[in-house]
Amino acid sequence: MTTAESPTSPNSSAAASSESAASPAERMAHRMQELANRIAAAREEYYGDDSPSLSDAQYDALERELKQLEAEHPELVAADSPTQSVGGAAVTTFDPVEHIERMLSLDNAFSAEDVEAWAERVEKDVAGATVRYLTELKIDGLAVALLYENGELVRAATRGDGRVGEDVTLNVKTIRSIPQRLATDAPPARVEVRGEVFIASADFERMQAEQKAENEALLASGKKPKREYANPRNTAAGSLRQKNPQITAQRPLSMYVHGIGAHEGVTLGSQSQIYALLAEWGLPTSPHFKVFDTLAGVQDYIAHYAVHRHDVEHEIDGIVIKVDDLALQGRLGATSKFPRWAVAYKYPPEEVHTKLLDILVDVGRTGRVTPYGVMEPVTVAGSVVTYATLHNANEVLRKNLLIGDTVVLRKAGDVIPEIVTSLPQLRDGSEREFVMPSACPSCGSPIGAAKEGDVDLRCPNAETCQAQIERRLIAAGSRSVFDIEALGEESALALVRAGVVTNEGDLFDLTLEKLLDVEFYRITAKAALAKLEKEGQLPLKATAQKLIDNLENAKQQPLWRVINALSIRHVGPTGARALAQAFGSMQAIREADEEALAQVEGVGPILAASVAEWFSVPWHAEIVDKWAAAGVRMVDDVDESMEKTLEGLTIVVTGTLERFTRDGAKEAILSRGGKASGSVSKKTSFVVVGENAGSKETKARELGLRVLDEAGFEALIAGGPAAVTLPEGEAGDE
């Protein structure tokens with residue numbers, strides 16, 4: 001069992017000490033940045049890695065706190081706050097696709113009162129017009145947009161950040177229920193159909209049963225069982241994002257479509273009419289929707305599925321309510337993140353009771369020693385749960401847990417198992433206390449808090465603790481790091497335990513000869529060759545050679561992935577990207593001091609201190625040197641043919657641009673010789689403002705800086721400062 005570690009910790013003593021001397025405004029700004037960082041990291045895990053470490057309820061609580069603080073302190077709202085954007089950042093496993101129209105997220109309601117308040121705002125804004133509400137189940141799946149041109153399916157893309165998603169066309173075409181051509185003789189010239197990809201509950205149960213049988217056979221032969229399928233949503237997302245469409249075709253994926261985005265050659269009047277039209281075209285639509293004339297009908301619908309949520313063919317995580325009339329939808333409009341004409345009601349987490357059989361501890365990749373509960377297997381929110389993290393020893397005490405207790409378990413947000421509390425009234429005297437070990441269960445080193453006041457205990461022996469090395473190696477091969485398909489958990493453990501890899505620095509020095517000295521690879525190689533010979537096929541590369549090939553390809557991964565592979569505490573994909581974009585090379589990051597690191601947008605003092613401290617350790621530097629010597633990319637490529645129109649300029653981009661993602665704007669600046677900064681100062685050359693630019697635009701105008709809109713930014717990129725020159729002493733939009 002691995003434990004996810006937060007890139008930012010509200011309980012960090014470093015954060016506490018830095019705040020102790022700060023003003024109330026500075027402390028508030030720090031808390032808001034802390035929340036923003038954690039939300040951004042959670043989105044990366046959910047949308048990019050299909051492996052969330054926070055429950056929906058925990059994520060919602062963070063977002064609600066940030067929204068409340070921003071409402072109370074609007075002057076502190078950052079333009080790049082996650083409350084100003086949709087979903088997660090677009091990830092890079094597949095080619096990026098820019099949506100024709102933005103795919104917005106939905107605002108959440110958590111009570112009947114919240115739904116009523118939303119409906120009151122709607123009816124007030126439509127000024128007496130009759131409102132009908134289309135109400136449907138919120139499928140717990142992966143949002144996808146299908147683009148049909150003249151009736152032919154030409155593209156499928158995930159939502160991504162709402163503007164840019166991933167091209168999953170070949171994989172989506174393996175889903176049998178999705179037609180390659182619309183069933184009409186008069187198809188529209190272009191139509192973007194939106195929906196949700198999922199795995200039906202019955203199909204998921206079958207997958208689990210097959211996996212259980214396979215694991216029992218593995219255990220009987222003395223082999224390690226495979227990791228269990230987490231839940232239908234994550235399994236569906238992982239299946240849709242397989243690099244080999246043939247693997248996707250083997251997974252029981254389904255899709256229900258529920259809306260239309262950009263369209264040409266089709267006239268629409270209502271949301272319910274859209275459903276009828278989609279069904280006529282042969283697209284799969286959900287049978288679970290109704291149109292109500294009153295809010296009372298909506299509330300009855302919500303109450304019905306609170307009881308019958310597991311009676312439908314797929315997992316749900318709430319109810320979606322939409323204004324049915326499209327003309328009224330147009331009048332209501334949208335914020336930068338949510339349509340005002342729709343809301344998602346979210347059910348509270350489902351709870352069950354089970355026995356807490358034991359509490360064990362796990363050592364993570366940065367040394368965090370985390371207790372977790374082992375329970376009698378129990379079905380909750382549609383899947384069987386055996387383990388649940390307990391975070392730290394204080395949490396065990398806080399929840400009044402004894403080994404042997406009957407406990408309340410929930411899959412918070414129907415995703416992450418969580419022990420809520422114990423039921424002391426059911427104790428019979430056989431229960432016993434959990435004692436947090438004083439030594440690392442892997443290497444025997446004394447464990448303790450890294451800094452005074454930390455609630456998390458850590459093993460300090462990062463250099464030789466086998467558990468930490470194993471977890472770091474597993475992390476290095478994962479999708480958001482080097483993306484080494486052949487370096488899974490089983491192979492990583494085999495390499496470390498055979499002594500072929502003493503730490504991650506040895507990874508790129510592996511050879512075929514070294515791998516075939518490891519029993520795991522000898523067995524798999526012989527089995528693969530024997531199978532091929534029996535089937536009369538030509539010899540294919542065995543597992544060992546596949547890893548060697550994967551490692552060679554991994555050497556060309558961009559700098560941010562290499563940084564992420566170092567397992568620096570607090571540094572995840574978001575922080576790694578920020579460092580790579582700001583410095584451009586590993587050497588520049590190594591040479592930067594804390595102050596320079598902290599100035600990078602998205603980094604801050606805690607992460608900066610962690611990075612500086614990491615590079616100060618000699619054996620850490622040796623890992624980087626070994627990777628560099630093996631040919632791992634340590635510098636992001638710069639297109640030298642690109643005209644340096646922005647040489648010597650410092651440019652700040654703030655707000656949401658229509659034709660550039662945040663990363664795309666930074667890349668445009670850096671590739672043309674400019675510096676992309678996250679903070680406005682007198683040294684800033686230009687400030688580019690988009691929608692909801694916020695305080696940075698205000699500061700730029702106060703300082704008399706040159707402010708450009710998106711068109712001005714494009715002119716600046718193409719022709720340099722001369723293309724956007726303003727009269728001397730004048731600042732304003734171009």
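In strand β22, Leu-708 is the bridge partner of Val-688. The model is predicted; local features require pLDDT of at least 70, side-chain atom pairs count only at pLDDT 80 or more, and totals for chains, interfaces and linings use all residues. Residues are numbered from 1 along each chain as its sequence is written, and side-chain values use heavy atoms, with hydrogens and water left out. Helices (H or I, at least four residues) and strands (E, at least two) are DSSP runs, numbered from the N terminus.

Strand β21 (residues 686–689) is joined to β22 by three bridges, and the two run parallel. Strands count as paired if DSSP finds at least two bridges between them. Both strands belong to an open sheet of four strands, in the order β20-β19-β21-β22, with parallel pairing. The edges are held by β20 (675–677) and β22 (706–708). Each has a single partner strand, so one side of each is left without a neighbour in the sheet. On average, neighbouring strands of this sheet are turned by 30° against each other, direction ignored.

Two helices pack on this sheet. Helix α25 (residues 695–702) touches β19 (650–654), β21 and β22. Contact means heavy atoms within 4.5 Å. The direction of α25 makes about 140° with that of β19. Axes are lines fitted to C-alpha atoms, for helices over the stretch in contact, and angles run from 0 to 180 degrees between N-to-C directions. Helix α26 (residues 710–719) also touches β19, β21 and β22, and its direction makes about 105° with that of β22.

A helix pair was also examined. Helices α13 (residues 466–477) and α14 (residues 489–497) pack at about 140°, with their axes 9 Å apart. The two are therefore oblique to each other (under 35 degrees is roughly parallel, over 145 roughly antiparallel, 65 to 115 roughly perpendicular, the rest oblique). On the α13 side, the contact is made by Gln-466, Ile-469, Glu-470, Arg-471, Leu-473 and Ile-474. Helix α14 contributes Glu-489, Ala-492, Leu-493, Leu-495, Val-496 and Arg-497. These contact residues divide into seven nonpolar, one polar and four charged. Ala, Val, Leu, Ile, Met, Phe, Trp, Tyr, Cys and Pro count as nonpolar, Asp, Glu, Lys and Arg as charged, and the others, Gly among them, as polar.

Leu-277 lies in helix α9 (residues 271–280). Its relative accessibility is 16%, so Leu-277 counts as buried (under 20% relative accessible area; exposed is over 50%, partly exposed in between; 1.4 Å probe, protein chains only). Leu-277 touches Val-266 and Leu-268, residues up to four places away in sequence not being counted. Between Leu-277 and Val-266, the C-alpha to C-alpha distance is 10.0 Å, at a separation of 11 residues in sequence.
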